[in-house]
Amino acid sequence: MSDTAPEAPPGTVKCLVWDLDNTLWHGTLLEDENVVLSEANRELIIGLDARGILQSVCSRNDHDIAWARLKALGVADYFVVPEIGWGPKSDAVRRITERLDFAPGTIAFIDDQPAERAEVAFHLPEVRCYAAQDAATLLSLPEFSPRSVTVDSRQRRTMYQAGFRRTDERERFAGSSEDFLRSLDMVMRIGRATDDELSRVEELTLRTSQMNATGVHYPDEVLRALLACPSHEVLVTTLTDRFGPHGAVGVVLLEKHERAWHLKLLATSCRVVAFGAGTIILNWLVDQAALAGVHLLADFRATDRNRVMEIAYRFAGLDEQPCGCRDEVSGSSGEDVLLLHLTPERREPPTTVRLIAPDLADRAPPRAGLPD
Ligand SMILES: [Zn+2]
């Protein structure tokens, strides 16, 4: 079982870091180039991947030889940011943690050598360490059993691998950042959320504290109830480019009134701040409101982390200006929530992404006088 102390934080493991010799495979590669991967470990690798748990490698070996062996065994693609070399394993695990931008408490480490586990546990006490013989039990442990497995968790590894290739290419790209964005062939899809998509939306609103306009987390059941409500729109934004999927990157909760649309929530993933996803979604909403002939109202509550979103709202033109349409939603927002206002005009479509989005005006607002 786990070597970590009982006070170790609970919660799901986001990345399992594998030792190779006598842990991932039977044998020591330097002594036997035909080390064997057991069927049980192959199934474990595939099973963790399907649950959205990333996997990496931390091994004392010659990098090129070990990586060639992982390829020959048909599993190299399952491992991100591998660390194969001769330094202390705690340093290697720390580098993996930093490259993934994960908290150490979300990392697990499996190694057959008690001394290696002790060295990692000493320097990184939050990392959960497992002995090689525990491998058979991992899939049944709660920390390796995420509460929900969404479309995005199933493709998480692909998304990270695309992200690393994208970053590498951006570092080599000589032109402007606008030119780089154009070169990505980005397609942004905004769509009405389906029942199936709501779990990825909830995951997104939990992870997006920097880019959440109100700092409010809408639980799954609240959004699910609003799906059926004709006066509300729950919209999910996904983004893909030539490197691969970014997954769900934004969520919008909008309530339609007679004279104004009330934007109650806009949250976008921190991963796509550089792509201006928040601004593109806002710009599209303003254009839709202009087409529908309604004003736009938006809740905003400053938190100590969402300054970027405030800039996006102000840049879109939302402000404190008085207007009669405010009466339609007065009192519906919480304490210390600002209700910002905009009189919309048509907006040009984005130049850096191809936008595929529904026509929001096609769902009639509730008739005046009827309760919500
Ligand atoms: Zn107004």
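A residue is called buried if 20 or more other C-beta atoms lie within 10 Å of its own, exposed if 12 or fewer, and partly exposed in between, with C-beta atoms placed from the backbone. Keep that scale in mind for the tour.

**Before you start**

This is a predicted model: local features need pLDDT of at least 70, side-chain atom pairs count only at pLDDT 80 or more, and totals for chains, interfaces and linings use all residues. Residues are numbered from 1 along each chain as its sequence is written.

**Whole chain**

Show the protein chain as a cartoon. It has 11 helices and 12 strands. Helices (H or I, at least four residues) and strands (E, at least two) are DSSP runs, numbered from the N terminus. Of the 372 residues, 37% are buried. Take contacts between residues at least 6 apart in sequence: 70% join residues at least 24 apart. Two residues are in contact if their C-beta atoms, placed from the backbone, lie within 7 Å.

**Stop 1: two positive phi values**

Select Val81, in the loop between α2 (63-72) and β3 (83-85). Its phi is near 35 degrees, a positive value in a residue other than glycine. Val81 counts as buried because it has 20 C-beta neighbours inside 10 Å.

Now select Asn22, in the loop between β1 (15-18) and α1 (39-50). Asn22 is not a glycine, yet has a positive phi of about 60 degrees. With 14 other C-beta atoms within 10 Å, Asn22 is partly exposed.

**Stop 2: α3 and α4**

Select helix α3 (residues 89-100) together with α4. Their axes come within 8 Å and cross at roughly 55 degrees. Axes are lines fitted to C-alpha atoms, for helices over the stretch in contact, and angles run from 0 to 180 degrees between N-to-C directions. α3 and α4 are therefore oblique to each other. Angles under 35 degrees count as roughly parallel, over 145 as roughly antiparallel, 65 to 115 as roughly perpendicular and the rest as oblique.

Which residues make the contact? On α3, pick Lys89, Ser90 and Val93; on α4, pick Glu116, Glu119, Val120 and His123. By class they divide into two nonpolar, two polar and three charged. Here Ala, Val, Leu, Ile, Met, Phe, Trp, Tyr, Cys and Pro count as nonpolar, Asp, Glu, Lys and Arg as charged, and the others, Gly among them, as polar.

Stay on α4 (residues 114-123) and select Phe122. Is Phe122 buried or exposed? Phe122 has 9 C-beta neighbours inside 10 Å, so it counts as exposed. Its C-alpha atom is 8.4 Å from that of Ser90, 32 residues away along the chain.

**Stop 3: α11 and its cover**

Move to helix α11 (residues 307-316), where Met309, Ala312, Tyr313 and Ala316 are buried. They cover an arc of only 95 degrees around the axis, so they sit on the same side of α11. The arc is that of the directions from the helix axis to the C-beta atoms. Arg307, Ile311, Arg314 and Phe315 are exposed on the other side.

The axes of α10 and α11 come within 10 Å and cross at roughly 35 degrees. Gly278, Thr279, Leu282, Asn283 and Val286 of α10 meet Met309, Ala312, Phe315 and Ala316 of α11. This contact has six nonpolar, three polar and no charged residues.

Finish at Gly317, which follows α11 and has a positive phi, near 110 degrees.
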